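Hi everyone, thanks for making time for this. I'd like to walk you through one structure today, so let me put the sequence and the model up on the screen.

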Amino acid sequence: MNFEIIVRKKEKGEVVSEKVIKEVEIKRAETILELGFRHKEQVEIIGAIQGEYLPLQVDKISEKYQFCPKCEGRSRKNGIQYADYHSSLSDHKLRIQGYACRCGWQKRPTIHGEYRTSVHPDLTKMQGILGAKMPYKEAEEILEKFNCHKRSANNHVKIAECTNTIGSILSKIKSEEVVESKCETDGLYMYVDGGHVKDKDREKRSFEALLAAVFKADSYKKAANSNTAIPKHIAASAINDGGKTINKYTLDAAKKEGMSKNTEVTAFCDGAANCWSIVNSLKGHCKNITKILDWYHIRQAYDRAKRALPDYTEKLDSSKYKVWHGKPQEAVSKLDELTKELESAKMSDRKIDKVISMKSYLLNNIDKLVNYMERKEANLPYTSSIAETIVESHINTRFKRKQKMQWTRENAHNVLQIKTTIHSNEWNLYEANIDKQLIFKAA
Ligand SMILES: [Zn+2]
């Protein structure tokens with residue numbers, strides 16, 4: 001028995017023509033490799049079907065030029081044009097009829113001329129998603145593997161362009177979005193942090209990307225019990241606008257997680273002023289905000305001091321344990337004692353400064369220090385290690401791995417919009433809107 005894939009053209013119920021796309025003999029598969037079509041064959045089959053389908057659609061484009069739009073007289077055929085078209089899996093050169101009129105009007109239609117692009121939005125979106133996830137050259141390689149051959153439409157420059165296009169569309173959608181709080185929740189957790197991105201502009205060296213992750217207290221408990229990822233909404237921005245964009249995205253993210261005037265928000269942060277200002281921007285939109293300096297960053301600060309003063313790690317640790325047990329004043333006293341000890345030991349100012357800056361870090365955030373041990377024992381969040389993972393996956397890996405790669409604020413912002421949309425599980429929500437922004441309605 002044979003198996004044929006045939007495309008059939010019909011007009012008014014009558015078969016006009018048929019074409020065999022592929023013919024195979026039905027055999028028992030000796031190995032799993034022969035079970036069904038190979039990946040390459042599948043791509044070729046779709047391409048061949050498109051190859052038969054597209055010319056019929058292109059004829060419809062030509063049809064509208066059979067009459068002159070200027071004088072409405074009948075135009076005459078005037079040369080053939082070959083136009084490029086890139087669908088998600090295949091490239092095509094489409095033969096398009098040109099027309100001219102006695103009055104002087106003439107038209108040589110192209111796909112780009114008709115639709116302002118010769119790339120299908122599905123391909124643009126795929127490139128955008130991959131380009132946000134990995135370096136553009138790696139995305140090019142992945143697409144080449146997936147497509148089984150190199151396509152000029154999939155080169156890294158195009159992928160970079162598409163990533164920016166999709167990211168800027170998402171940025172626009174999010175900036176204009178009106179979010180109403182649904183499914184109100186009593187308690188929300190929020191982590192805010194920033195990461196530095198290498199600037200294309202050498203004089204500026206780097207800029208900061210800010211990120212806020214919001215999730216329900218209930219989700220935290222459930223995820224902790226089942227050891228799964230916490231469903232959350234993430235907001236991120238690299239735009240330098242005094243926090244306007246990140247505040248708007250964060251407020252919307254919190255509303256999507258159910259924040260209302262009755263919601264108690266617990267926010268974790270490393271103590272940086274620009275991070276707290278994002279947290280503060282939620283004031284008036286919720287019942288209250290408890291701010292906690294997160295344990296992860298406290299521990300890091302002590303670790304830095306310990307590296308500078310390896311002979312005093314015990315003293316530094318005993319101060320750290322006071323913080324852990326919710327006794328920040330005692331932690332500060334221990335640092336004062338250590339400072340005196342270092343002074344009488346004639347330590348260098350540079351080393352003493354490590355202890356002094358540790359002390360001012362605690363004092364600057366003293367109202368945000370809690371009993372971390374108690375929180376841990378009560379299975380309440382006390383560290384931003386989750387936020388660190390988010391920052392790591394959103395900012396550090398994409399923007400730092402290749403030191404050579406440099407970014408503009410705008411490009412980094414666009415990449416972040418794609419990443420946060422996917423991690424907030426909102427790609428499907430926005431996709432129709434993205435399509436709408438990607439298309440140009442032909443007249
Ligand atoms: Zn005319």
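This is a predicted model: local features need pLDDT of at least 70, side-chain atom pairs count only at pLDDT 80 or more; totals for chains, interfaces and linings use all residues.

I picked Asn425 for its backbone. Asn425 is not a glycine, yet its phi is positive, at about 60°. Most residues other than glycine have a negative phi. Arg116 is another non-glycine residue with a positive phi, in this case about 65°. You'll find Arg116 in the loop between helix H2 (111-115) and H3.

Are these two residues buried or exposed? Arg116 has 12 C-beta neighbours inside 10 Å, so Arg116 counts as exposed. Asn425 also counts as exposed, because it has 12 C-beta neighbours inside 10 Å.

Now let's zoom out to the domains. The protein is divided into domain 1 (32-112), domain 2 (121-176 + 425-442) and domain 3 (295-382).

As background, nonpolar side chains in soluble globular proteins tend to be buried together.

Take Val192 as a close-up. Leaving aside residues up to four places away in sequence, Val192 touches Ala212, Ala267, Cys269, Cys275, Ile278 and Val279.

Next, the sheet. It is an open one, with five strands in the order S8-S7-S6-S9-S10 and mixed pairing. Strand S8 (233-237) and strand S10 (288-293) each have a single partner strand, so one side of each is left without a neighbour in the sheet. On average, neighbouring strands here are turned by 20° against each other, direction ignored. Inside the sheet, S6 and strand S9 (residues 264-269) pair in the parallel sense over five bridges. Tyr191 stands opposite Phe268 in S9. Lying across S6, S7 and S8 is H7, which runs at about 175° to S8.

H7 brings me to another helix, H5. Helix H5 (residues 156-176) has 21 residues and reaches 30 Å from its first C-alpha to its last, close to the 30 Å expected. Its buried residues include Ile159, Cys162, Ile166 and Leu170, and Lys158 and Lys174 are on that list too. What covers the buried residues of H5 includes helix H3 (121-133), helix H4 (136-147), helix H7 (244-256), helix H15 (409-423) and helix H16 (427-438).

One last stop, with another lysine. Lys182 is in the loop between H5 and strand S6 (187-198). Why does Lys182 count as exposed? Because Lys182 has 11 C-beta neighbours inside 10 Å. Along the chain, Lys182 and Gly258 are 76 residues apart, but their C-alpha atoms are separated by 5.5 Å.

Technical notes: Residues are numbered from 1 along each chain as its sequence is written. Helices (H or I, at least four residues) and strands (E, at least two) are DSSP runs, numbered from the N terminus. The expected span of a helix is 1.5 Å times one less than its number of residues. A residue is buried if 20 or more other C-beta atoms lie within 10 Å of its own, exposed if 12 or fewer, and partly exposed in between; C-beta atoms are placed from the backbone. Two residues are in contact if their C-beta atoms, placed from the backbone, lie within 7 Å. Domain bounds come from an automatic or database domain assignment. Two strands pair if DSSP finds at least two bridges between them. Axes are lines fitted to C-alpha atoms, for helices over the stretch in contact, and angles run from 0 to 180 degrees between N-to-C directions.
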